[in-house]
Amino acid sequence: MPKDLVFITVIGKDQKGIIARISNAVFKHNINIEDLNQKVMDGYFVMTMLADMADSRASIGDIKKEFAEIEKQMDLKIQVQHENIFKAMHRV
Amino acid sequence: MEYSLDEVMETVRMTLYHNFDIRTVTLGINLKDCIDTDIEIFKSNVYDKVTEYGKRLVYEAGKIEDKYGVPIINKRISVTPVSLIVESCKEDAPLEIAKILDRAARDANIDFIGGYGALVQKGMTRSDSRLIDSLPEMLSSTERVCAFLNVGSTVSGMNMDAIIKLGNILKDIASRTDNGIGCTKFAVFSNAPEDNPFMAGAFHGIGEPDFSLNIGISGPGVVRSVVEKNRECDLTALSEVIKRTAFKITRAGELIGRELASNMEVPFGIVDISLASTNKVGDSVAGIVEMMGIERIGAPGSTAALALLIDAVKKGGAMASGNVGGLSGTFIPVSEDSGMNEAVRSGALSIEKLEALTAVCSVGLDMIAIPGDTPAETISAIIADELSIGVVNGKTTGVRLIPVPGKIAGDYVNFGGLLGETYVMDISKFSSRDFILRGGRMPAPITSMRN
């Protein structure tokens, strides 16, 4: 089955439980984590997670709704974007 | 991971912090197959076609927005120039069609529908003439319908008889609407492109297929931020970084446009790479020019800076997509760009300098408030000046002027929302009346001897 990859990007103040909360939400929707990267950039915690939604019944819109709650509670910015846009912009 | 963290973050930052968005997805719809001599059947055909595709456009655009995390600000429709499709109908047919387009747009949740216009660069048919005469009533009695006229082209010259009419018509439109706001929905052009996705001038040209999905990307904020990061480099290097950025945002635009067209099962048309500003902080074309090192746009050097900017955007865009079209320039609307507005307020920018800027960028004198008592012939003369820049240089230029009733130079006007706010510009008091009233047609320019 072909992969259906999305990037989940999290930006905000470093705090306990960010990765746990995101991973939990992702797991709940049967989404597989393919890769994960994190570091502190310009004083902010930045995490990018590459996730495969091929086996999930959820749409990107559903996932965003789920993340909206986490964004509010933990004062984070969470962006979900399909991989195609990164391919278009950064690969010729 | 196939992408570096920096690459991922560059895209994410553009959307989260630098206002990268798809300014508009505009579906061009051919209405020639809706024509019927029975106006009621004609209207019903138009309504059904526009609402069906309009609703699909809004629905599919929403899904793509979610998928790529790039906001699509406006979902719009352009149609076959209305003067063409009402040729065989009764006198009041243009207005009847405008009202049905307005209702269809409202019912499909489309914010603007363009195409109420005519191509009269060489002369007017009876239908063109009655459509032009109906503009004041149409623009004051509908909410979402935008109007355009093409009155000049490089191969036909300029129709001065139509331009004479426009001076009075603009004043009439202004007098019927609050702050003259009806004029913001009307653009007059030379060399109008048939696939422009931006309002007010969008229409579905006669060389187009049944449908065409055109997309207008926008990224003044993104370009401004790369210029800000490159404060020390020389202009050659600066052009290079702008080019790279334009390449990336055009690629994203093309991806989104193609996918949306494919989901709607309509042909993909073009990506319009115009930098289109908004009043949001940082999302300003004036802001880019000022970041390049000009204290206020309008100061000497502004024309050169804008020329470099648009050239770099075009080079990056042309590499990124084989379907670049529409206007694809840099918009310098006054009321819609907080930096331009500030330049007017502080006296840095005059209408004459704006005219000079349009010689190197698209798309003309846009969203400019002028005193309400400006003589009609002077308005016609400003239009003639601006459009002759387009006619002679083989490019599109347009004019969207608002003669604001009761206001004089320096007064503040607020049009609301994306249309923004502005200060009324000072206009020369010297008369152009005798020149304009000569009428006739300015012959097409010679295209050799290019100096």
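Analyst: Start with the two domains of chain B: their C-alpha centres, for domain 1 and domain 2, lie 22 Å apart. This is a predicted model, where local features need pLDDT of at least 70, side-chain atom pairs count only at pLDDT 80 or more, and totals for chains, interfaces and linings use all residues. Residues are numbered from 1 along each chain as its sequence is written, with chains lettered from A and ligands numbered from 1 in the order in which they are written.

User: Where do the domains of chain B run?

Analyst: Domain 1 of chain B covers 27–190 and domain 2 covers 215–442; the bounds come from an automatic or database domain assignment.

User: How many residues of each are in contact?

Analyst: In chain B, 38 residues of domain 1 are in contact with 40 residues of domain 2. Contact is when the C-beta atoms of two residues, placed from the backbone, lie within 7 Å.

User: Which helix gives the largest share on the domain 1 side?

Analyst: Helix 6 of chain B, with 11 residues. Helices (H or I, at least four residues) and strands (E, at least two) are DSSP runs, numbered from the N terminus.

User: Now helix 2 of chain B. What span should it have?

Analyst: Its 30 residues should span 44 Å at 1.5 Å a residue, and the end C-alpha atoms of helix 2 of chain B are 43 Å apart, which agrees. The expected span is 1.5 Å times one less than the number of residues.

User: What do its buried residues pack against?

Analyst: In chain A, strand 4 (76–82) and helix 3 (83–90); in chain B, strand 1, strand 2 (72–79), helix 4 (93–107) and helix 8 (235–264). The buried residues of helix 2 of chain B include B:Phe42, B:Lys43 and B:Tyr68. A residue is buried if 20 or more other C-beta atoms lie within 10 Å of its own, exposed if 12 or fewer, and partly exposed in between, with C-beta atoms placed from the backbone.

User: And B:Ala246, buried or exposed?

Analyst: Buried, because B:Ala246 has 28 C-beta neighbours inside 10 Å. B:Ala246 is found in helix 8 of chain B. Beyond neighbours within four places in sequence, B:Ala246 is in contact with B:Ile273, B:Ala312, B:Val313, B:Gly316 and B:Gly317.

User: Last one. How many residues of chain A are in contact with chain B?

Analyst: 23 residues of chain A are in contact with 18 residues of chain B. Helix 3 of chain A gives the largest share of the chain A side, 6 residues.
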